[in-house]
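Hi everyone, thanks for coming. Let me put the structure up on the screen, and then we can walk through it together.

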Amino acid sequence: MKITSDHFGVTPEGEEVSLFSLTNDQGMEVRITNYGGIITAINVPDRHGQPGDVVLGHETLERYLNRSRYFGALIGRYANRIAHRRFCLDGITYSLAKNNGENHLHGGLKGFDKVVWRPREIHASDTACLQLTYLSRDGEEGYPGNLETIVTYVLTNGNELRIEYFATTDQATIVNLTNHSYFNLACGGTVLDHQLTINAEAFTPVDKGLIPTGEIRNVRGTPLDFTSRTAIGERINDCYEQLRLACGYDHNFILRQKGETFRNAATVYEPATGRVLEISTTQPGMQFYSGNFLDGSIVGKGGRVYVKHSGCCFEPQHFPDSPNQPSFPTTVLRRGEQYRHTTSFKFSVE
Ligand code: GLA
C-alpha cells in the first residue's frame with residue numbers, strides 16, 4: 001500500500017493543488033486531486049492482467065478548470081437538480097444559484113467539484129486513504145448553515161475504492177453528496193456494449209428539465225429494466241418518452257431494500273476486456289447517466305475525443321429535487337446530526 005503526491009497546479013485564485021496516487025499491493029492505482037476531490041485516473045487490470053485507465057478525465061489541472069463535465073468530481077452541497085433553484089426549510093425559502101436552465105444543478109456555480117479541499121494522507125498496512133475536508137460557509141451558493149464535510153477515499157487490497165462521506169452543520173440545511181466519475185471499462189470507444197445490472201425495481205420519471213415529476217414508476221416492461229444483465233445500448237434508442245427527454249439514460253433508480261444498509265446497487269461487465277465493476281452503497285437511489293451530453297467537444301486523456309456515451313456515471317445519491325418532493329426520503333441535515341454515507345466501486349474480471 002502506497003500513497004505519493006505531486007504538484008498538480010495552481011488555481012486562478014492562487015491556491016496550490018496536489019495530485020495523489022494511491023496504489024495497492026495488486027498494482028491497482030487511483031489518482032485523486034484535492035481540486036474538486038476529482039478522481040483523475042483508475043488503473044485496473046483486464047482479464048489478461050493488462051492494466052488500463054477506466055475513467056474519463058484530463059492530464060492537467062488547467063483542463064479540469066476549463067473543459068470538464070464534472071469528470072470524477074465530488075458533487076455537493078446537493079448533487080443533481082433542485083427545481084426552480086428554490087426550496088423551503090422550516091418556513092424559510094432559500095434561493096440557490098441558477099446554473100441549469102431555471103434549475104440548480106450539482107451544487108451551483110462553484111460547487112464542491114470546483115473548490116480546493118484540505119488533504120490528509122492516511123497510511124495503513126491494508127489500505128491507502130486520502131481524506132479531504134472542506135468547510136462550506138453559511139450562504140455559499142445560497143445554502144444555509146456552515147457545513148463541514150469530510151470525504152475519505154479508501155483503496156483496499158481487494159481492488160475496491162470506497163468513498164466515505166461525513167458532514168455536520170451548525171444550522172438546518174440540505175445535503176446530498178456523490179462522486180461523478182465517468183467509467184469506460186474498455187478504456188476506449190463507447191459504453192454501449194457494457195452489460196449492466198441495476199438492483200432497482202423502480203425509477204423516478206422526469207419532465208423536460210430532468211426534474212422528477214413525483215411519480216414512482218416500476219421498471220418492468222420499460223427500457224429502464226436492468227434487473228437482469230442487459231447491454232446499455234440495447235434499448236437506449238427505443239421509442240420511450242423518458243429516454244427521449246434525457247437523450248438516453250439520465251435517471252434516478254430507487255435501490256432495493258430500504259434503510260441505510262450497505263448493499264449492491266449495480267454491476268457492470270465489459271465483455272471484450274472482462275472487467276467487472278460492482279457498485280455498492282448506503283444511499284437510497286442511484287443516478288445512472290449514459291454520458292448523453294458528451295458531444296465530441298472535449299478532448300481528454302491521451303487525446304481521446306469524448307463523444308456521446310464515451311463514459312457512463314453511477315452516482316449513488318438521494319433522489320433529485322428531494323427538498324421539493326415531500327414523498328421522497330429527506331435530505332435535511334440538522335445541527336447535532338451526522339450525515340454519513342458510503343459508496344464502493346469494486347473491480348474484478350470475469
Ligand atoms: C448528472 C446529471 C446529468 C448531467 C451530468 C453532467 O449526471 O444527471 O443530467 O447534468 O450530471 O453533465
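Let's begin with the shell around the ligand: its residues divide into 6 nonpolar, 3 polar and 3 charged. In that count, Ala, Val, Leu, Ile, Met, Phe, Trp, Tyr, Cys and Pro are nonpolar, Asp, Glu, Lys and Arg are charged, and the others, Gly among them, are polar.

Before going on, please keep in mind that this is a predicted model: local features need pLDDT of at least 70, side-chain atom pairs count only at pLDDT 80 or more, and totals for chains, interfaces and linings use all residues. Residues are numbered from 1 along each chain as its sequence is written, and side-chain values use heavy atoms, leaving out hydrogens and water.

So who surrounds the ligand? Among them are Tyr70, Leu105, His106, Tyr182, Asp250 and Phe293. Oxygen atoms of the ligand also lie 2.8 Å from a polar side-chain atom of Arg81, 2.7 Å from one of His180 and 2.8 Å from one of Glu315. On its own the ligand exposes 300 Å², and the protein buries 96% of that (Shrake-Rupley method, 1.4 Å probe).

Now over to Ile254, which sits in strand E22, residues 250–255 (strands are DSSP runs of at least two residues, numbered from the N terminus). Is Ile254 buried or exposed? Ile254 counts as buried because its relative accessibility is 15%, where buried means under 20% with a 1.4 Å probe and protein chains only. Ile254 and Glu201 are 53 residues apart in sequence, with 7.0 Å from C-alpha to C-alpha.

Terms used: Near = heavy atom within 4 Å. Polar contact = N/O pair within 3.5 Å; in protein donor to acceptor, adjacent residues only side chain to side chain. Helix = DSSP H or I, 4+ residues; strand = E, 2+ residues; numbered from the N terminus. Buried < 20%, exposed > 50% of the residue type's maximum accessible area, 1.4 Å probe, protein only.
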